[in-house]
Amino acid sequence: QVQVVESGGGLVQPGGSLRLSCEVSGLGRMFEFYAVAWYRQAEGQQRELVSSITNSGRIRYSESVKGRFTISRDNAKSTIQMRMNSLRVEDTAVYYCNAAINSNYTYWGQGTQVTVAS
């Protein structure tokens, strides 16, 4: 059974930093073939893609976080990290980790709350 577990959320002041972590268990060596991504969903808003890394290492960021967030993956440990700097109030959301190889094999975590407030 595949499990995706996020950690690292919390309350931070504007301008601060957080590092989110995601551990994917149950895929074993197949993890390296999965694209991984972070999404977020603010209250009353739709879930949106924040950043992603393909299985070949191509990285993408949404325009709103480009230059502030950094995503990385460790295939040996089946983990995904996202460093978030210069946080803004509008970054407040529940952040979800996703691992997917196609629409039939896509796995989500339960989410971790990030709140940016003074």
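In the predicted model, the chain exposes about 6,700 Å², and carbon and sulfur atoms supply 45% of that area. Of the 118 residues, 38% count as buried. The C-alpha atoms fill a box of roughly 40 × 25 × 25 Å, taken along the principal axes.

The secondary structure consists of 11 strands and 0 helices. The order along the sequence is accordingly β-β-β-β-β-β-β-β-β-β-β. The radius of gyration is 14 Å, close to the 13 Å that the globule rule gives for 118 residues, so the chain is as compact as a globular protein of that length. Among contacts with a separation of 6 or more, 53% are between residues 24 or more positions apart.

The structure holds 1 disulfide. A disulfide is a covalent bond between the sulfur atoms of two cysteines. The partners here are Cys 22 and Cys 97, with their sulfur atoms 2.1 Å apart. Cys 22 belongs to strand 3 and Cys 97 to strand 9, so the pair ties together parts that are 75 residues apart in sequence. Both Cys 22 and Cys 97 are buried. The torsion about their S-S bond is about -85 degrees, so the disulfide is left-handed.

A search of the whole structure finds 4 salt bridges. One of them is formed by Glu 63 and Lys 66, whose closest N and O atoms are 2.6 Å apart. Glu 63 has a relative accessible area of 62% and is therefore exposed. Lys 66, at 46%, is partly exposed.

Another salt bridge links Arg 40 with Glu 48, the closest N and O atoms being 2.7 Å apart. The two partners fall into separate classes of accessibility: Arg 40 has a relative accessible area of 5% and is buried, whereas Glu 48 has a relative accessible area of 35% and is partly exposed. The cut-off for a buried residue is under 20%.

Arg 68 forms a salt bridge with Asp 91, and the closest N and O atoms of this pair are 2.8 Å apart. Arg 68 lies in the loop between strand 6 (59-61) and strand 7 (69-74), while Asp 91 lies in the loop between strand 8 and strand 9, so the pair ties together parts that are 23 residues apart in sequence. Arg 68 is buried, because its relative accessible area is 7%. Asp 91 is also buried, with a relative accessible area of 0%. Salt bridges that share partners join Arg 40, Glu 48, Arg 68 and Asp 91 into one network.

Ser 86 and Gly 15 are 71 residues apart in sequence, but their C-alpha atoms are 4.1 Å apart in space. Ser 86 is located in the loop between strand 8 (79-84) and strand 9 (93-102). With a relative accessible area of 41%, Ser 86 counts as partly exposed.

The backbone of Ser 86 was also examined. Most residues other than glycine have a negative phi. Phi of Ser 86, however, is near 50 degrees, a positive value in a residue other than glycine. Ser 78 likewise has a positive phi, near 55 degrees. Ser 78 is placed in the loop between strand 7 and strand 8. At 10% relative accessibility, Ser 78 counts as buried, whereas Ser 86 is partly exposed.

How values were computed: Residues numbered from 1 in each chain as written. Predicted model: local features only at pLDDT ≥ 70, side-chain atom pairs only at ≥ 80, totals over all residues. Heavy atoms only, no water. Helix = DSSP H or I, 4+ residues; strand = E, 2+ residues; numbered from the N terminus. Buried < 20%, exposed > 50% of the residue type's maximum accessible area, 1.4 Å probe, protein only. Disulfide = S-S within 2.5 Å. Rg over C-alpha atoms; globule rule 2.2 N^0.38 Å. Contact = heavy atoms within 4.5 Å. Areas by Shrake-Rupley, 256 points an atom, 1.4 Å probe, with all protein chains shown as cover. Salt bridge = Lys/Arg side-chain N within 4 Å of Asp/Glu carboxyl O.
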